[in-house]
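Here is a short tour for anyone who likes to see the details before setting up a calculation. Have the viewer open and follow along.

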Amino acid sequence: MIHYFSQTGNTKLLGDFLKDNINDSKTIYVGFWTDKGNANQEALDYLKTLHHQKIFLFGTAGFGKSEEYFKRIINKVKESIDSTNEIVCLLYTSPSPRD
């Protein structure tokens with residue numbers, strides 16, 4: 001299952017690629033765009049509803065190129081994920097794929 005939230009189409013590009021190339025019904029793929037150093041609010045609200053799931057996170061940002069910057073974003077996103085979930089993978093791109 002793939003859920004993504006895209007403002008400019010960049011996260012949609014990644015979500016569509018995963019949809020076409022991944023066949024894993026046990027993992028929930030959640031994509032988000034970066035808003036003020038965190039995932040966008042819709043994605044955070046969705047993540048808060050998940051319990052006892054395997055989650056693959058993927059996100060995009062139009063700026064920031066340091067690993068430390070991405071770690072801060074991911075740590076903020078993790079605050080919205082219930083501890084009963086398992087994060088199985090993280091994928092982050094910047095600049096966004098269209099850049």
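Which residues form one aromatic cluster? They are Tyr29, Phe56 and Phe58. Please keep in mind that this is a predicted model.

**Aromatic rings**
- The count of aromatic pairs comes to four.
- For Phe56 and Phe58, the ring centres are 6.5 Å apart and the planes stand at 55°, so this pair is tilted: an angle over 60 degrees would be needed for edge-to-face, and one under 30 for stacked.
- Phe56 and Phe58 are both buried.

- Tyr4 sits in strand E1 and is partly exposed, at a relative accessible area of 28%.
- Between Tyr4 and Phe58 there are 54 residues of separation along the chain, while their C-alpha atoms lie 8.6 Å from each other.
- Setting aside neighbours within four places in sequence, the contacts of Tyr4 are Thr11, Lys12, Gly15, Asp16, Gly31 and Phe58.
- With Asp16 there is also a polar contact, side chain to side chain, at 3.0 Å from Tyr4.

**Helix H1**
- Helix H1 covers residues 10-21, and its twelve residues should span 16 Å at 1.5 Å a residue; the end C-alpha atoms are 17 Å apart, which agrees.
- Its buried residues are Asn10, Thr11, Leu14, Gly15 and Leu18.
- Viewed down the axis of H1, these buried residues fall within an arc of 140°, so they line one face of the helix.
- Turned away from that buried side is a face of H1 with the exposed residues Phe17, Lys19 and Asp20.

**Helix H2**
- In H2, the buried residues are Ala43, Leu44, Tyr46 and Leu47.

- Asn40 is placed in the loop between strand E3 (38-39) and helix H2 (41-48).
- Is Asn40 buried or exposed? With a relative accessible area of 1%, Asn40 is buried, because the cut-off for that label is under 20%.
- Apart from neighbours within four places in sequence, Asn40 is in contact with Phe5, Phe32, Trp33 and Asp35.

Note on methods
Residues numbered from 1 in each chain as written. Predicted model: local features only at pLDDT ≥ 70, side-chain atom pairs only at ≥ 80, totals over all residues. Heavy atoms only, no water. Helix = DSSP H or I, 4+ residues; strand = E, 2+ residues; numbered from the N terminus. Buried < 20%, exposed > 50% of the residue type's maximum accessible area, 1.4 Å probe, protein only. Contact = heavy atoms within 4.5 Å. Phe/Tyr/Trp six-rings, centres within 6.5 Å; stacked < 30°, edge-to-face > 60°. Expected span 1.5 Å × (residues − 1). Arc of directions from axis to C-beta. Polar contact = N/O pair within 3.5 Å; in protein donor to acceptor, adjacent residues only side chain to side chain.
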